[in-house]
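Hello,

Here is the structure I promised to pass on to you. Have a look at it first, and then read my notes on what turned up in it.

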Amino acid sequence: MPGIYFDHSATTPVRPEVYEAMEPFLREHFGNPSSFHAFGRTARQALDEAREKVAQLINASPAEIVFTSGGTEAINTAITGVARSLASQGRHIITCAVEHHASLDTCRALAGEGFQVTVLPVDRHGRVDSGELREAITDGTILINIMHANNEVGTIMPVEEIGAMARERGIVFHCDAVQSAGKVPLDVNGLNVDLLSLSAHKFNGPKGAGALYVRKATPWQPLMHGGAQERARRAGTENVAGIVGLGRASELAGRDMAGEAARCRVLRDRLINGMLAGLEDVVLTGHPDKRLPMHASFCFAGVEGEAVLLGLDVKGIAASSGSACTSGAMDPSYVLMAMGLDTAVARGSMRFTLGMENTEAEIDYCLREIGPIVARLRSMSPLAGHC
Ligand code: PLP
């Protein structure tokens, strides 16, 4: 059973309906949305329609959606834009240790510009404590930056509580919802977020298209200069086909979300239960229930995650050893380290993230194949004795 894809947190396949919606904008509808003629107007109308669909997915209004090239740009724009525009009022930013590098590195860059950054710890499930966050707030705090769900362990953060706290204290709140958007319900008003980032390729849309939600009246400034596109909030000719794909993916995700989440949860639990029952010295990482319904992550003591990954690859199964963005590196994941895992155990981390095309038969195949792979690696591993 080759070609099983369990790496949907890295990226997802484009749905056929999304591809069909995009194709005309790569061919006959090639106009520039800023042009006044009919070609331009067709493209402009497509952007407007996509904006409505993205807004609907997160209960925002279309005017609050700024299209970007993806999650990384949205996050960079949000954090940098708020920090620079509020620098005269305060220079303190709060974030947490398990954020994606798009957040952590942007905060680090701002620290180089003289901002103070508090990086909050997380508990053993990867959750920030909202009480600790409250204590970290100072008179100079201008921005709270906490993700909705973690990409490595799937843990969902107490975003509603954090949002309420930020609102009460008048602090701008940005949420990286790249892993959650299109998979679980998101309501920017219920969550009290001022800015929220999302990315099409994580929910069956194309790569290179994303959006930043910016609540009306949020103090903020653009990162990209050089044109009046996106009402002067993001310069540069729009990726029309990509944005059309983002819009269609948002529409489909909104429509199918409840059923897909329920279906994936059943498969995910089958994988988790099978893994914990069938193998020795395996731990589930992340929160046992406050986690994305399609996300299962483990540590296999006594082996290197990369070696398990290779063994699975040979059997036609694609998974990930931690985050795809860092899987080239052999260091144990900083997320697992922040959660307090033992280094030797963290080295055996594996992530299985499910999507629309996965089946029960694929889960069962994976469960059958992984046991012998881990056993063989353990029999050869110098790490085995240390765990
Ligand atoms: N934030 C999180 C939590 C992610 O998982 C990712 C991608 O893996 C990103 C941001 C970056 O998004 P993009 O790939 O669209 O730049």
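A word on terms before the tour: buried means under 20% relative accessible area, exposed over 50%, and partly exposed in between, with a 1.4 Å probe and the protein chains only. This is a predicted model, in which local features need pLDDT of at least 70 and side-chain atom pairs count only at pLDDT 80 or more, while totals for chains, interfaces and linings use all residues. Residues are numbered from 1 along each chain as its sequence is written, and side-chain values use heavy atoms, with hydrogens and water left out.

**The ligand site**

Let me start with the ligand. Its shell holds 14 residues, and G71, T72, D176, S199 and K202 are the closest of them; a residue is near a molecule or strand if one of its heavy atoms lies within 4 Å of it. By type, the shell divides into four nonpolar, eight polar and two charged residues. In that count Ala, Val, Leu, Ile, Met, Phe, Trp, Tyr, Cys and Pro are nonpolar, Asp, Glu, Lys and Arg are charged, and the others, Gly among them, are polar. Helix α3 (residues 71–86) gives the largest share of the shell, three residues. Helices (H or I, at least four residues) and strands (E, at least two) are DSSP runs, numbered from the N terminus.

Which side chains come within polar reach of the ligand? For D176, a side-chain N or O atom is 2.7 Å from a nitrogen atom of the ligand. The side chain of Q179 has an N or O atom 2.8 Å from a ligand oxygen, and a polar side-chain atom of S199 lies 2.6 Å from an oxygen atom of the ligand. On its own the ligand has 390 Å² of accessible area, and the protein covers 89% of that. Such areas come from the Shrake-Rupley method with a 1.4 Å probe, and for residues only the protein chains shown count as cover.

**The nonpolar core**

The largest nonpolar core has 64 residues, and I58, L133 and I144 have the most contacts inside it. A core here is a set of buried Ala, Val, Leu, Ile, Met, Phe, Trp, Tyr and Cys residues joined through side-chain atoms within 4.5 Å. Nine of the core residues come from helix α8 (residues 240–278), the largest share. Domain 1 (4–10 + 257–386) and domain 2 (16–253) both contribute residues, so the core lies between them. The domain bounds come from an automatic or database domain assignment. In soluble globular proteins, nonpolar side chains tend to be buried together.

Helix α8 also holds L267, which is buried at 5% relative accessible area. The C-alpha atoms of L267 and A361 are separated by 9.7 Å, although the two residues are 94 apart along the chain.

**Buried polar residues**

N145 belongs to strand β5 (residues 141–145) and is buried, at 0% relative accessibility. Its side chain makes a polar contact of 2.6 Å with that of H174. A polar contact is a pair of N or O atoms within 3.5 Å; within protein, one must be able to donate a hydrogen and the other to accept it, and residues adjacent in sequence count only if both atoms are side-chain atoms.

T106, in helix α4 (residues 101–112), is buried too, with a relative accessible area of 6%. The T106 side chain reaches the backbone oxygen of A102 at 2.5 Å.

**Two positive phi angles**

Where do the positive phi values fall? R231, in helix α7 (residues 229–232), has a phi near 50°, positive in a residue other than glycine. With a relative accessible area of 58%, R231 is exposed. D281 has a phi near 55°, again positive in a residue other than glycine. D281 lies in the loop between α8 and β9 (282–284) and counts as exposed at 55% relative accessibility.

Over to you, and happy browsing!

Best wishes
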